[in-house]
Each structure stands twice: as structure tokens, then as C-alpha cells.
Amino acid sequence: MALPLLLASSGELLSERAGVLNLSVEGMMLTGAFAGAVGADASGSAAVGVLTAVVAGLLFAALQALLSITLRADQIVTGITANALALGATTYGARLVFGDGAGAKTLPGLDPLAVPLLHEIPVLGPALFEQTLLGYLAFALALALALAFSRRRTAGLAVDAVGEDALSADRSGLPVTAIRYGTVLLTGVTSALAGAHLALSEVHAFSDNITGGIGYLAVVAVIAGRWRAWPTLLACLVFGLAQSLQFAAPALGLHLSAPLLVALPYVFALLAVSGLVGRSRAPSGLTVPFVRAS
Amino acid sequence: MSAPVTTTQPPSPPPPDPHPPRPAALDPTRLRLALRAAPRHPLAVAGLAALFALGVGMLLVLAAGAELATAWQALDEGMFGSPYAIGSSLNSAAVLALIAAGFTVAHRAGLVNVGGEGQLCAGGTAAAAVGLALPAGVPAALGVPLVLVAGFLAGAAWAGIAAWLRVRRGTSEVITTLLLNFIGIGLVSVAVHEEALLRQPVTSSETLPQSAPLPTGAQLPLIGGPESPATAVVPIAVLAVVVTGIVLRHTALGLRLRAVGHSPAASARLGLPVGRLEGGGLAVAGGLAGVAGAALVATAPYVLAEHFSSGYGFAGLVVGLLARGSLTAVAAASLLFGFLTSGGINLQLAAQVPASTVQIVQSVLVLSIAAAMLFTTRRPGSRR
């Protein structure tokens, strides 16, 4: 359960560090899930579905980047409205492509591949080593992003510089706009893959609003993780665990109200951002558009 | 949308500074020069954005395989075709206007209330609890105000959580109100699933997870003709918009809120109770959304059920974003969105065009206005 969350927030972390609060992760995931479902359905191959998801995620992210970086539109307004647009467009598209019984149609999905030996480790084994190919790819991508943009590397420092003080970064020769575009597009890719993972690896179908708020959790995980990779990972794991509790509770013999458990990750997220994890400081350039002083 | 024009501009000549030249689209002065001829007045921009959104809508209708004329007729029928259509459109518009008016109050204090949906859920739950606790023969003059006040208080308390976190711990209200939406939706689910809470007595396996109907004295009175479903929520919303308009524009309180919105630091220097003004603004926003939730519960079929909010909280937020701080715009946009929502339902029923077309058109409208704001001379309503 934590995997789509982890993947989406690994991109979002970069874009927020570069100063773009990408509230539209939810919309990007939804777009990815829908495009992945359509691609897989039309071609009969899940791999093509993943590819279409990435392309659609890039297009959606390009729109978001154009609005919030080049046109300097309010990032909160564009983020939330872009999510509404994605919800409307995918619901509309699902009616056209899949007809009214959208949720019922089974798609060519990805099957889990167990890693020999490792998947027999109790508890951890099934969680980590019985993923689909896309799942392993997601792990690898999230890890690669965290390492490549660590604060000990030039690339990571550049991203942080752009997010903290875009004007100074620009004066020292960093391509501010290009870096911001890059991080938003990257978020589009990771979020779309996360959405495709939901639709193709986990559910094997597309239903209206399939993401149901996971994208917002990804944004919150970054904030709760204080804009650092490892704490963000931890936040994703906690939220993901809270999510999977709604399926695991009956098996564990817990008789808790199901709707209560659905809301649980959001309660955790609220507690996390409201300071249980300690005071934090956002990148000072977050949501501030960059205008070069003339 | 005249933005793409600029991307074809040739690169600017090398500036005297050592930086390499940038593509013209990224250079704000050039952008402004190129768009000097473009309309600047916010109303003109809104008109262009509306035309663009309308064009998108027509494409979507065609893509769904419907005739434009059929679709237009269906939309018109759903909006103005009958007293029923007009009445339910007005009810929708009123609910949206309540939420958007609240959004504008918080916005004036520099806060963005993304939590309309959660506050609406809290208000609706409290309204149902109070309404069901009233005796069956309660007079409407007592029952209706009690239900609405319960909605206001619960909505304000729900927003109060975010306000408290914002003032005490400095947590961004955008994030907290957003999260409280999902928790509020969960709250309604829990309330209508548990018999110990608000679920109607379960008599068979087919008993729906919803509350029992509110007693007659707690139901909002109808105000239209015999066929119109328009309820007292319409005058309540008009009152709310007018009162907030007057308070924000013509009173000292309105000026203080605006001062805090412009600069919390300067306001604190002047001795304004910044935290109380911010928190109060957000609480009023939540309260009005809570009244909207109470009104939804106190309208036919007079029950609290899952999804009773029908996404009004998010739609009201979009209206608030679109209005950009103006209450006149709140009234206009609520009417537009309210009628479009009713029309959209009929669009699906009569012309087989997905109702989500309306949602897409609305989002495109807001996005294109947000995108075009760079080109208007002045930004109305600064956010912080």
C-alpha cells in the first residue's frame, strides 16, 4: 500500500525542494491510472499501459508547470483546480472508453514476481519481495531519486538552492526555470507511475476517483518528512500502514468501524504535520514564483 | 488564451550582463510588451476565459457523440426548463454561495480555506444530531434555527482545529484544512454506519446506512411555488453574501481582516490581534460551510447519508477561487455553477453526455483565469 505513496512523494519531494508546491499530485496519479488503464485495455499489454501512463503524466505535468512556473499562477489555485480537472476528465473519459460499468472491466495487469528465498522472510518478505515488475521499478526509481538528489551531491544542492532563493541561484548561473520544470515533469512521471501501479498492479481495473486522496497524502508525507528523503519515506510507510489496516483489521480480529479506518491515514497525516514530528522549516521559496530582476 | 503566441518570439538580444540570453517566453518584460495589445481588464479576461471554456465544453459534447443542439437543449431544460429545474438550481447555487462567501472571509485575512468539504460534513452531522434530538412536534420557528446554528457551530469548530494549529503551531492551513476534509467525510460515514450514533434503527438487512428523517419542524421550509423545491436556504445564502459583503467592505472589522491579510507583521505592530483575526476568519468560513451542510441535511430527503455532500464543498472552493475575493463575483459564480450543475445532470439524462463535462468546463474556466492573471494589470486579492 505504501508503494504508490512512496513513488509519488519521491517526485513531489524534489519539486517542493525546488520551490513548486505541486498540489496536483492527486490529479497526476489519477491521470496516470486512467491512461495506464486505457493503454493496457487498447493494446492488451500492461507494459504499453505503463508507457501511456508516463506520457499522460508528462503532459499533465507540463500543463501544471506552464501555469505555475511560466505564467506564475497561484500554485494552490492551479494545483487544486488541476485535480478537479483530472477528476472530471478521467470520469468523462471512463464513460466514453469503458462505458458505465467502468469498475467492472478487468484489465490486462501485472502479476507479482516473488524474489526467490527473500520473499519467505516473515512479514517483510511478502511486503517487499512479492511485487510486480512495476513495483520493483518503483522502489528502484524512488531510491535512485533520493540518492541522486541527496544534499551531498551537486544536483541536490542545485535543487535546494533554487527552492531557497531563486534570485541568488539565478545570479550564480543556475537555470532556475529549467530546474523547476524538470522537477515538476519528474513528479508527473513518478505520480503517473504510482497511478498506473494502482490500476494495473493492485486493482487490475479503473474506477472513478481510484486514487481517492492518496496524492494528497503524498504531498503531506513530504511536509511531515520535513523535506528530507528518509523522513519522507518513514511518513509514507506510516500512512501506508494506516491505509492497509482497513484490510488487515478484520484478519487481526479488530472490530473497528471500517470508515474510521479509511480516515485513519489522514488523522496520522494531520498529527504529523501539526508538529508531532517537531518544528520544521519549508524551503523559503516554496510557492514563490521566480521573476528575474531587471 | 493568447499565451502560446509568446513562445514563438525570437530569443532576446544578448543583455549587457554576463548571463546567457533566455528564451523570450521566460522574460516578463518581453511578455508584457508582446501582450500590450491583449485585454487587461479582469472582466475582459474572464470573458475570454469563459469563451475558451465554452469551446472546450462543445468539443467534449461532440466527442461524446451528441449533437450540439441536443446538448444545448438538454442543458437549458435542466437549468430553466421547469419550476423544478429552477428551484433545484437555486438551491445548489445557495449552497455554493455559502461556502464561497466563507472562503472569501478567510481569504481576506490571508488564509486559504481548502476545507469546505470537511466543514460541510461536520455541519451536516451536527445538524442531523440536533434535528433528530428534537421532539416530533417542534415548531419550525424553533427547529430550523437550531439546526442551522448547530451546523454553523460544528463547521466553525472543524475549521477551528486548523485555525488553532495555524495560530499556535504555524502549520499551513492549506494542508490542515485539506486533510480535515477526508476526516470529515469519514466522520459522516462513521455516524451513519453506527446505530449508536446517527444510523436509523436497523430493521432488516436492507436498511440503508443513513440517519432517520428529520422531524417536520427541523426541515427547511419551501419558498417557491408548489412544484419548486427551492427552500429557505436561498434567502439565507443571499443574506450571508450581503452581510459578509457589508462587513468586509464597510466596517472596521473588514479593514482589520484585510490588514492582517496584507501583512500580519505590520498588523501586529499596530496592535491588531492577528491570531484572533486569522482564526476568527477561518472559523467563520467553516461556520458558513457548516450552515451549507445543515441546509443539505434539512432539504429533501431530510436525512444524513454518505456522500450527502455531493462534492459541494470542493465545488464551493472552486467558486471561491474563481471569485478571487469579490463577493459580487461569489454571487455571480455561484449562480453560474449552480445552474450548470443542474444542467449537467440533465445533460447526462437527456443527451447522454457525461455530467462530468460540466466539472471539466468549470476547472478549465478557473485554470484559464488563473493563467491569465499575469496579464491583468493588478492582482486582485493578494494571498498573503
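B:Tyr302 sits in the loop that connects helix 11 and helix 12 of chain B, where helices (H or I, at least four residues) and strands (E, at least two) are DSSP runs numbered from the N terminus. The model is a predicted one, in which local features need pLDDT of at least 70 and side-chain atom pairs count only at pLDDT 80 or more, while totals for chains, interfaces and linings use all residues. Residues are numbered from 1 along each chain as its sequence is written, and chains are lettered from A and ligands numbered from 1 in the order in which they are written.

Phi of B:Tyr302 is near 60°, a positive value in a residue other than glycine. B:Tyr302 is partly exposed, with 18 other C-beta atoms within 10 Å; on this scale a residue is buried if 20 or more other C-beta atoms lie within 10 Å of its own, exposed if 12 or fewer, and partly exposed in between, with C-beta atoms placed from the backbone. B:Pro301 belongs to the loop between helix 11 (274-297) and helix 12 of chain B, and a cis peptide bond with omega of about 10° links B:Ala300 to B:Pro301. A positive phi, about 55°, also occurs at B:Gln352, which is not a glycine. B:Gln352 is located in the loop between helix 13 (327-351) and helix 14 of chain B and is partly exposed, having 14 other C-beta atoms within 10 Å.

Elsewhere in chain B, B:Leu59 is part of helix 2 (residues 42-63) and is exposed, with 12 other C-beta atoms within 10 Å. Chain B has 14 helices and zero strands, and buried residues make up 52% of its 384 residues. Of the contacts in chain B with a separation of 6 or more, 76% are between residues 24 or more positions apart; two residues are in contact if their C-beta atoms, placed from the backbone, lie within 7 Å. Chain A comes to 12 helices and zero strands, and 55% of its 294 residues count as buried. Among contacts in chain A between residues at least 6 apart in sequence, the share joining residues at least 24 apart is 76%.

Within chain A, helix 7 (residues 154-164) and helix 9 (residues 176-203) pack at an angle of about 105°, with their axes 10 Å apart. Here the axes are lines fitted to C-alpha atoms, for helices over the stretch in contact, and angles run from 0 to 180 degrees between N-to-C directions. The angle makes helix 7 of chain A roughly perpendicular to helix 9 of chain A, given that angles under 35 degrees count as roughly parallel, over 145 as roughly antiparallel, 65 to 115 as roughly perpendicular and the rest as oblique. On the helix 7 side of this packing in chain A are A:Ala158, A:Val159 and A:Val162, which meet A:Val176, A:Ile179, A:Arg180 and A:Thr183 in helix 9. These contact residues divide into five nonpolar, one polar and one charged, with Ala, Val, Leu, Ile, Met, Phe, Trp, Tyr, Cys and Pro counted as nonpolar, Asp, Glu, Lys and Arg as charged, and the others, Gly among them, as polar.

The two chains also touch each other, and the contact takes 43 residues from chain B and 40 residues from chain A. On the side of chain B that touches chain A, at least two residues each come from helix 1 (28-34), helix 6 (140-169), helix 7 (173-193), helix 12 (312-323) and helix 14 (356-372) of chain B. Helix 7 of chain B gives the largest share of that side, 12 residues. By type, the residues on the side of chain B that touches chain A are 30 nonpolar, 10 polar and three charged.

Finally, record annotations can be set beside the model. For chain A, an unreviewed UniProt entry places the feature "transmembrane region" at several spans, including residues 181-200 and 206-225; UniProt positions are given in the numbering used here, feature names are shortened, and annotations may be inferred rather than shown by experiment. Residues 181-200 of chain A are 100% helix and 0% strand, with end C-alpha atoms 28 Å apart. Residues 206-225 of chain A are 55% helix and 0% strand, and their end C-alpha atoms lie 30 Å apart. For chain B, the unreviewed UniProt entry gives the feature "transmembrane region" at spans that include residues 144-167 and 230-248. The span 144-167 of chain B is 100% helix and 0% strand, with 33 Å between its end C-alpha atoms. The span 230-248 of chain B is 84% helix and 0% strand, and its end C-alpha atoms are 28 Å apart.
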